[in-house]
Amino acid sequence: MTRELQPCGTRAAYIRHCARRELIDDACQQANRSQQAAWRKRNARKRRLAELRQQLLFRQLLDLVAGACREEGLLP
């Protein structure tokens, strides 16, 4: 049982062209470019969220340490 081939103008067709070492038509190239751009946008957003989470955790840790130091009289 074989799957139906995706038409040109899709990322699947682009990958098929590459695998078969065929010439890649403009529609497939554009589909690949748009998919890559969407992936980069999602990935950048995830990376930025991870950086913000790390900064928040670091600030919380600093506040915790500063509070403990104040309780011990090490900080004014």
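Predicted model: local features only at pLDDT ≥ 70, side-chain atom pairs only at ≥ 80, totals over all residues.
**View 1. Helix H1 crosses helix H2.** Here we look at H1, which covers residues 11–19, and H2, which covers residues 26–71. A pair of packed helices is described by the angle between their axes and by how far apart those axes are. In this pair, the axes come within 8 Å and cross at roughly 115°. Angles of 65 to 115 degrees count as roughly perpendicular, and H1 and H2 are therefore roughly perpendicular to each other. The crossing of H1 past H2 is left-handed.

Zoom in on the contact, and you'll find Arg11, Ala13, Tyr14 and His17 on the H1 side. Their partners in H2 are Cys28, Gln29, Ala31, Asn32 and Gln35. Sorted by type, the residues of this contact come out as four nonpolar, four polar and one charged.

**View 2. The buried residues of H1.** Which residues of H1 are buried? They are Ala13, Tyr14, Arg16 and His17. Look down the axis of H1 and its buried residues fall within an arc of 160°, so they line one face of the helix. An α-helix has 3.6 residues a turn, so residues three or four places apart point the same way. As for what covers the buried residues of H1, H2 is included.

View 3. Arginine 21 has a positive phi of about 55°, although it isn't a glycine. Is arginine 21 buried or exposed? Arginine 21 has a relative accessible area of 79%; exposed means over 50%, so arginine 21 is exposed.

Technical notes
Residues numbered from 1 in each chain as written. Heavy atoms only, no water. Axes fitted to C-alpha atoms, helices over the stretch in contact; angles between N-to-C directions. Helix = DSSP H or I, 4+ residues; strand = E, 2+ residues; numbered from the N terminus. Parallel < 35°, antiparallel > 145°, perpendicular 65-115°, else oblique. Left-handed = near helix turned anticlockwise from the far one by under 90°. Contact = heavy atoms within 4.5 Å. Nonpolar A, V, L, I, M, F, W, Y, C, P; charged D, E, K, R; others polar. Buried < 20%, exposed > 50% of the residue type's maximum accessible area, 1.4 Å probe, protein only. Arc of directions from axis to C-beta.
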